[in-house]
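Trainee: I have a structure to go through. Can we take it by question and answer?

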Amino acid sequence: MSDDDIDPVELEILRNQLESVAEEMGQVLIRGAYSPNIKERRDCSTALFDAEGRMVAQAEHIPVHLGAMPEAVRAVLERDPEPGDTFVVNDPFAGGTHLPDVTLVSALAPSPPASASADAGGEGEILGYAVSRAHHADVGGMSPGSMPAGAREIYQEGLRLPPVRLVAGGEVREDVRDLLLANVRTPDERRADLRAQMAANDRAEERLGELLADHGDRLLAAFDAVIEYSRERVESELADLPDGEYGARDFLEGDGISDDDVPIETTVTIDGSSLAVDFAGTAEQVAGNLNAPLSVAKSAVYFVVRCVTDPEIPPNHGCYAPVSVSAPEGSLLNPNPPAAVVGGNVETSQRVTDAVFRALADAVPDRVPAEGQGTMNNLIIGSRDGGFTYYETIGGGFGARPTKDGMDGVQVGMTNTLNTPVEALEAEYPLRVERYALRPDSGGDGRYRGGLGLERSVTVERDATVSLLTERRRHAPKGLDGGESGTLGENRIDGERVGAKTTRDVSAGTTVTVLTPGGGGHGDPTDRDADARERDRADGKVSDGE
C-alpha cells in the first residue's frame with residue numbers, strides 16, 4: 001500500500017498517534033528517572049524511527065539531542081540489530097553527541113494481529129526503532145560530572161561507548177551494564193536512569209503493537225506518508241525564501257586551553273526548494289573541548305530551519321531532507337578523534353545557531369530574532385569520591401523579536417530544559433542556593449527589548465570540584481536592526497571573577513555565582529514607546545535611573 005492511499009484526515013490521525021508514542025516515551029523516562037537532571041530538568045529526548053532509520057516522530061524535547069539522533073540510529077543499523085536488541089551508544093564519533101548524552105536504541109518488533117495483512121510485517125520482523133537520549137550527570141573521566149574545562153582528548157571526558165548491545169534478545173547483558181557502571185562515579189543513579197530509558201523504549205514497542213493492531217499495514221504506509229508530507233511542506237517554505245548566498249562569522253571565547261577567539265564561518269545558500277549550509281572557513285579542530293561532531297552542527301542548522309519555517313510542520317526525517325550541511329574534515333565542526341568534544345555539544349552548537357541565524361537575517365529579517373544569551377551556562381559540581389554530581393544549564397535572555405520583546409530567564413537555542421527547583425536541588429545535594437533572580441538592565445535596549453539574564457548563587461557544603469563551561473563573557477549578544485547588545489555574563493567563585501571555561505577544586509563553604517547574559521534588542525531604542533518603558537521600570541527590568 002502506498003502513502004497515496006491515506007487520505008488527509010487519516011494521515012493527521014496517524015501522525016498524532018505516532019507523535020503521542022514519542023511523547024509518552026518521554027513521560028515514562030522522566031517519571032522513572034532517579035537523577036534530578038532528568039526528572040526535574042528534563043534533560044532528555046525521545047523519538048520513533050522506522051525500519052530504515054528515518055525519524056517518524058519525536059517528542060518536543062531537546063533540539064541538540066533530536067537533530068543528531070539519526071546518526072545514532074545509523075550507527076546501530078551497521079551492527080545488524082535483531083528483534084529484542086537494545087544498543088547503548090555515546091561515542092561522538094559513532095553516532096553520539098558528547099559522552100554524558102547516553103542513547104539507547106531499541107529494535108521494535110511487536111507481534112502483528114492475526115487479521116493484519118502480510119504487508120504489516122511478520123512475527124519477529126523489525127518495524128522500527130525507539131530512541132531515548134538522556135544527559136547522565138557523570139560518565140567518568142578526569143573530573144566529577146564528566147565536563148572538565150581543560151580536557152584535551154576525549155579519553156579525559158569519560159567512558160566512551162560505541163554502539164554495543166545492552167539488551168540482546170530481550171535479556172539485559174549484565175556484563176555490559178556492569179562494565180558501564182564500574183566506570184562512573186554515581187553507579188546507583190546511572191543504573192536507575194538507564195532502567196528508565198529502557199522502560200521508555202519498551203513502552204514504544206507496546207504502543208506500536210497497539211497501533212499495528214488498529215491499523216494493520218496502513219501504519220507502515222503512514223510512516224512514508226508523514227515523512228513525505230513534511231518534506232513537501234518544508235520544500236514549499238524554502239521555495240518562498242529569496243534565493244542567494246548569505247554569510248556570517250562569529251567566535252567562541254577560547255577552547256578551555258587557550259583564550260584565543262575561535263572563528264565559526266558559515267555560508268547559507270538558498271536555491272529553490274533546498275538550503276545548503278557550508279562551514280568552510282571555520283577554525284581547524286582545537287586543542288580543548290569545544291570541538292563539535294558534524295551531527296551537532298547539523299542539529300543546529302536543522303533547528304534554525306525549523307525556526308524560520310512553519311512551526312506546525314510535523315518534525316521528522318522529511319524536514320531535514322531538503323537541507324544539507326558540510327564542514328571541512330578536521331575542523332571545529334567535523335573533528336577527528338581523539339578530539340575532546342564535551343563543550344562542543346553545549347556551547348559550540350549555540351554559536352553555530354547564532355551564526356546561521358545571523359546569515360539568514362539578511363534573507364528573512366522578519367523571522368530572525370536578535371541574539372539570545374548564546375550559551376547554556378553549564379555548571380557542574382561534584383565530589384571526587386562519587387558522593388554526588390550536580391549538573392545544571394542556566395537560562396538567560398532571549399533575543400528581542402521583530403514584533404515583541406525577548407523572554408526573560410529562559411533557555412535559548414539548542415536546549416529548552418527546565419531549571420532544577422531550589423527545593424529539589426537542596427534536598428538532593430549538599431548545596432544551598434543563596435540567590436536566584438533576574439538581572440535588571442541586562443537586556444539590550446531597542447524598540448523591542450532583549451530578555452533579562454539570571455543570577456544564580458550556590459554554596460557548596462562539602463569539598464567538591466566545580467566546572468564551568470560558558471560563553472558570551474567577552475562578546476555580548478548582538479542586537480538587530482539598531483537594537484543594542486545584551487549584557488555580558490560573568491562567573492565568580494567566592495566573589496572572584498573566573499574564566500568562561502574553568503575547573504577548580506573548592507572547599508566546603510565556597511559560593512559559586514553565575515550571572516547569565518541578557519538578550520540583544522531589536523530596532524531603534526528611540527522607537528520604544530513610553531508605555532513600554534514605564535512597564536520596564538514597574539517590572540524591575542531596568543533601573544529607575546534609566
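Predicted model: local features only at pLDDT ≥ 70, side-chain atom pairs only at ≥ 80, totals over all residues.

Trainee: How many helices and strands does the protein chain have?
Mentor: Helices (H or I, at least four residues) and strands (E, at least two) are DSSP runs, numbered from the N terminus. On that basis the protein chain has 12 helices and 20 strands.

Trainee: What is the radius of gyration of the protein chain?
Mentor: It is taken over C-alpha atoms, and the globule rule is 2.2 Å times the number of residues to the power 0.38. For 546 residues the rule gives 24 Å. The protein chain comes close to that, so it is as compact as a globular protein of that length, with a radius of gyration of 23 Å.

Trainee: What percentage of the residues in the protein chain is buried?
Mentor: Buried means under 20% relative accessible area, exposed over 50%, partly exposed in between (1.4 Å probe, protein chains only). Of the 546 residues in the protein chain, the buried ones make up 60%.

Trainee: How many salt bridges does a search of the whole structure find?
Mentor: Side chains of opposite charge can pair when their charged atoms come close. A salt bridge is a side-chain nitrogen of Lys or Arg within 4 Å of a carboxyl oxygen of Asp or Glu. Searching the whole structure gives 53.

Trainee: Which residue forms a salt bridge with Arg-351?
Mentor: Arg-351 is buried, at 0% relative accessible area. The closest N and O atoms are 2.7 Å apart, and the partner is Asp-354.

Trainee: Which residues are linked with Arg-351 and Asp-354 in a network of salt bridges?
Mentor: Asp-354 is buried too, with a relative accessible area of 9%. The network joins this pair to Asp-250, Arg-358, Glu-371, Glu-471, Arg-472 and Lys-501.

Trainee: Are Arg-190 and Asp-193 buried or exposed?
Mentor: Their side chains meet in a salt bridge, 2.8 Å from N to O. They sit 3 residues apart in helix H6 (residues 187-215). Both Arg-190 and Asp-193 are buried.

Trainee: At what relative accessibility does Glu-534 count as partly exposed?
Mentor: Glu-534 meets Arg-537 in a salt bridge of 3.1 Å, N to O. Arg-537 is partly exposed at 29%. For Glu-534 the value is 45%.

Methods
Residues numbered from 1 in each chain as written. Heavy atoms only, no water.
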